[in-house]
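I opened a new notebook page for this structure. I wanted to see which parts hold on to each other and where space is left.

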Amino acid sequence: RVHDECNGSDVFGSDICTCRPYLTHAIEECIKTAQKGGCGLVIYYRKEGRSLGEVTKYLVYNTRKRQEGGDSAETYFNCTEQVAGVQDTRFQALMPDPLHFLGVTKIHNFISMSDMKYNAIVNTGIKIVNRVEIPRELVPDDAQVEITAKVFHGYNAGNAYKGIDEKELKATKGRDYNYDVPDPKRQKTESTVIAE
């Protein structure tokens, strides 16, 4: 796995994206490969938030959750463009270099849905035999927004996510936080504190 840093998910456990599940799945696959006598490799790149930076990524998350209609697969990429002006700033041409430094010439099981990463690797002469999809059960409910949008727009997620159409894109929504609806528990606590 060639993994781009995601502190929100990898470190703090956010379930808005597939980063941590992909990283966990990759580590598990590396261990299984090593147990069979092979070699598993995870390279962790410091390209937080599609290389837009951590603050920008959190602004995008906030925009996604607070937009009219809530978080949806249909508007997934629009939110990044609205906040950052672009969808992605990662430059993948140099990404395969550590693989070459380590002498990798063939990857039997590549765990990524990114065609940009796949193309960057194979264009430098490293052969990829098999693209391993992330099992559906590893993707959190809230991250369905991300994976549905990406697959609809051409990312490779394998057989588990084949057939995502415009109807599913429009129907896939993230968790609603009801920011505009007062929380009765909080109001009760606040009025109790004021009364005392």
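**Entry 1: charged pairs**

I started with D142 and K65, whose side chains meet in a salt bridge, 2.8 Å from N to O. D142 sits in the loop between β4 (127-131) and α8, while K65 is in helix α4, so this pair ties together parts 77 residues apart in sequence. I noted that the model is predicted.

Are these two partners buried or exposed? D142 has 2% relative accessibility, so I wrote it down as buried. K65 has 10%, so K65 is buried as well. The cut-off for buried is under 20%.

Then I looked at D142 again. Its side chain also meets that of R175 in a salt bridge, at 3.5 Å from N to O. This pair links distant parts of the chain, 33 residues apart. D142 is in its loop between β4 and α8, and R175 is in the loop between α9 (166-171) and α10 (184-195). R175 counts as partly exposed, because its relative accessibility is 35%.

E166 forms a salt bridge with K170, and the closest N and O atoms are 3.7 Å apart. Both residues lie in helix α9. They are four residues apart, about one turn of the helix. E166 has a relative accessible area of 48%, so it is partly exposed. K170, at 41%, is partly exposed too.

**Entry 2: rings**

I turned to the aromatic side chains. The structure holds four aromatic pairs. In one of them, Y76 and F77 have ring centres 4.9 Å apart. Their planes stand at 85 degrees, so I logged the pair as edge-to-face.

How are the rings of F110 and Y118 set against each other? Their centres are 6.4 Å apart and their planes are at 50 degrees, so the pair is tilted. F110 is buried, because its relative accessibility is 2%. Y118 has a relative accessible area of 23%, so it is partly exposed.

I also noted a cluster: ring pairs link Y76, F77 and Y155.

**Entry 3: one threonine**

T80 is in helix α5. Its relative accessible area is 4%, so T80 is buried.

What does T80 touch, leaving out residues up to four places away in sequence? I wrote down R50, L52, V60, G85, V86 and Q87. For V60 I also noted the separation. T80 and V60 are 20 residues apart in sequence, and their C-alpha atoms are 5.6 Å apart in space.

**Entry 4: empty space**

Last, I looked for gaps. Rolling a probe the size of a water molecule over the atoms shows where empty space is left.

I began with the open kind. The largest pocket has a volume of about 440 Å³. Its lining counts 20 residues. C39, G40, L41, I107 and N109 lie nearest the pocket centre. The elements giving two or more residues to this lining are α2 (19-35) and β3 (106-110). By class, I sorted the lining into eleven nonpolar, four polar and five charged residues.

The largest cavity holds about 410 Å³ of space. Of its 26 lining residues, C19, R50, R90, E146 and K150 are closest to the centre.

Five elements went onto my page here: α2, α3 (48-51), α4 (54-66), α5 (76-84) and α8 (144-152) each supply at least two residues of the cavity lining. The largest share comes from α4, with four residues. The cavity lining has ten nonpolar, five polar and eleven charged residues.

Methods. Residues numbered from 1 in each chain as written. Predicted model: local features only at pLDDT ≥ 70, side-chain atom pairs only at ≥ 80, totals over all residues. Heavy atoms only, no water. 1 Å grid on protein atoms, 1.4 Å probe; cavity = no way out; pocket = protein on both sides within 12 Å on 5 of 7 lines; lining within 4 Å. Points joined across faces, edges and corners; volume = space filled by probe spheres on them. Nonpolar A, V, L, I, M, F, W, Y, C, P; charged D, E, K, R; others polar. Buried < 20%, exposed > 50% of the residue type's maximum accessible area, 1.4 Å probe, protein only. Contact = heavy atoms within 4.5 Å. Salt bridge = Lys/Arg side-chain N within 4 Å of Asp/Glu carboxyl O. Phe/Tyr/Trp six-rings, centres within 6.5 Å; stacked < 30°, edge-to-face > 60°.
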